[in-house]
Amino acid sequence: MLKHTFHHLYLPLLLVLLISSKTLYGKTIDINPITKHGENTDLLFINVRSADKSVMSLAQRAFNSHGGYRLAKGNEAQLSFNFTKIASGIELKILSGSGSSTKHTERFSGENWITALYKACDKAVLLTSRVPGFFSGKIVCIGEKTGKREVFSTDLFFQKVRQLTNHGSISRNPRWAPNGKMVLYTSYYRTGFPDIFQMDLAKSKRSVFATFKGTNTGATYNRKGNKVAMILSSSGNPELYISNNKGSNIQRITRNKSLEASPKWSPDGSKIILTSDKLGKPQLYLIAPTANAPLQRIPTNVSSYCAEPDWNTRNTNLIAFTVAIRKGFQIAQYDFNSRTSKILTKVNGDALEPKWLNDGRHILFTLRTKSTRQLHVLDSISGKTMPLHSSNFGQFSQADFVYTN
């Protein structure tokens, strides 16, 4: 069963919020300590306010998705975040919980008030936690709104969704370039076989990236955006290859009889983590991006099925991945320092396809049930999860995330 699932999924294809005072670039936001009887002292209790109902609703939704904040009322709040819609965008005011003193005021602009609000929320997070916010990030994913699996892009909370492909066939595993301007994905479009395509979003231009005999899948950029790792089976067996960002100068890395899938670059580009069934069942391995480099197994010791790894770019000792647990799938985390794993989710259904957000704390993942595929955000510290869109909005999965602000 697991072997079948491995083929199905791949071949077609800590931070603590400081409460007493927060400092950034010489600025300090003092937070009046309050007694939180029986509550998590790492949470920052806030009021989120706006005279505009749409602004307040989206801002509250954003902070409710962040595991470091708790929406509060009255004197329970340590700070108030006030958002005002102005001609050029959004004005943010951070006030004391009582509203008696202003801690910070700043104006933000964007393509519209939504993008300006995301920037304002990100700045509020940065000023009060010294960790970047993630609300201005962009998602590329697979959506099934047309009845076919097409590539879509969207903001984090699905306020502005854009369909990028209209192939009328199966598309899979879209991946952002680090600058957010290019997307790699696999599709059965044109040939009926899995080929890799590259899309230039600014020019709305699609080009063939890899169309060799067999399967072409798993393409992912390194952090600099100048190299791509991918899985090709032109040799008769799925192997790891590396090319430049144009799809040329291709170099074969692995030569073995095992099944390789889902490569991901380390943040510094010196290693690649991937899934391989070298020992008979899917496990995670490290490999250097050089020809004939050996596979080094990561001792996750958490499940006989470990797949879909993703590297934390802020804390490079951490990776997230999918594991088979009790006849289902959950998201796990491995720490290279302690050489230990832990299960992060306990969802009803399957938690799949983890992707770290830019703050190094939250993870984007797919919740799959018998009838739905829905994108969620997970706080890796508290375990809190929240859906990013209604299940009635459509089926979305296989998400990638980029933050370019």
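Predicted model: local features only at pLDDT ≥ 70, side-chain atom pairs only at ≥ 80, totals over all residues.
# Strands, core and rings

Author: β17 and strand β18 (residues 251-252) are paired in the antiparallel sense over two bridges.

Reader: How do you know that two bridges are enough to call β17 and β18 a pair?

Author: Two strands pair if DSSP finds at least two bridges between them. β17 and β18 have two bridges, so they count as a pair.

Reader: Why is β17 called enclosed?

Author: A residue is buried under 20% relative accessible area, exposed over 50% and partly exposed in between (1.4 Å probe, protein chains only). In β17 (residues 239-244), six of the six residues are buried, so the strand is largely enclosed by the rest of the structure. In a regular strand the side chains alternate between the two faces of the sheet. For β17, Glu 239, Tyr 241 and Ser 243 lie on one side and Leu 240, Ile 242 and Asn 244 on the other, and both faces are covered.

Reader: What is the order of the strands in the sheet that holds β17?

Author: The order is β15-β16-β17-β18, an open sheet of four strands with antiparallel pairing. β15 (216-221) and β18 stand at the edges, each with a single partner strand, so one side of each lacks a neighbour in the sheet. Inside the sheet, β16 (residues 227-232) and β17 are joined over six bridges, and Val 228 is opposite Ser 243. The turn of their hairpin includes Gly 236, with a positive phi of about 105°.

Reader: What makes β9 a covered strand?

Author: Six of the six residues of β9 (residues 150-155) are buried. Glu 150, Phe 152 and Thr 154 cover one side, and Val 151, Ser 153 and Asp 155 the other.

Reader: Why is the pair of Tyr 118 and Phe 157 called tilted?

Author: Rings of Phe, Tyr and Trp (its six-membered ring) pair if their centres lie within 6.5 Å; planes under 30 degrees apart count as stacked, over 60 as edge-to-face and the rest as tilted. The structure holds 17 aromatic pairs. In this one the centres are 6.1 Å apart and the planes stand at 45°, so the pair is tilted. Tyr 118 is in helix α3 and Phe 157 in the loop between β9 and β10, so the pair ties together parts 39 residues apart in sequence. Tyr 118 and Phe 157 are both buried, and both belong to one aromatic cluster, which also includes Phe 63 and Phe 81.

Reader: What makes a set of residues a nonpolar core, and how many does the largest have?

Author: A nonpolar core is a set of buried Ala, Val, Leu, Ile, Met, Phe, Trp, Tyr and Cys residues joined through side-chain atoms within 4.5 Å. The largest has 42 residues, and Phe 63, Phe 81, Phe 83 and Phe 135 have the most contacts inside it. Elements that give two or more residues to this core include α2 (53-64), β5 (79-86) and α3 (113-129). The largest share, nine residues, comes from α3. Contact means heavy atoms within 4.5 Å; among the residues that Phe 81 touches are Ile 46, Phe 63, Tyr 69, Leu 92 and Ala 124.

Reader: How do you know that Lys 145 sits over the ring of Phe 393?

Author: A charge sits over a ring if NZ of Lys or CZ of Arg is within 6 Å of the ring centre and within 35 degrees of the ring normal. Lys 145 lies over the face of Phe 393, at 4.2 Å from the ring centre.

Terms used
Residues numbered from 1 in each chain as written. Heavy atoms only, no water. Lists of a residue's contacts leave out its neighbours within four places in sequence.
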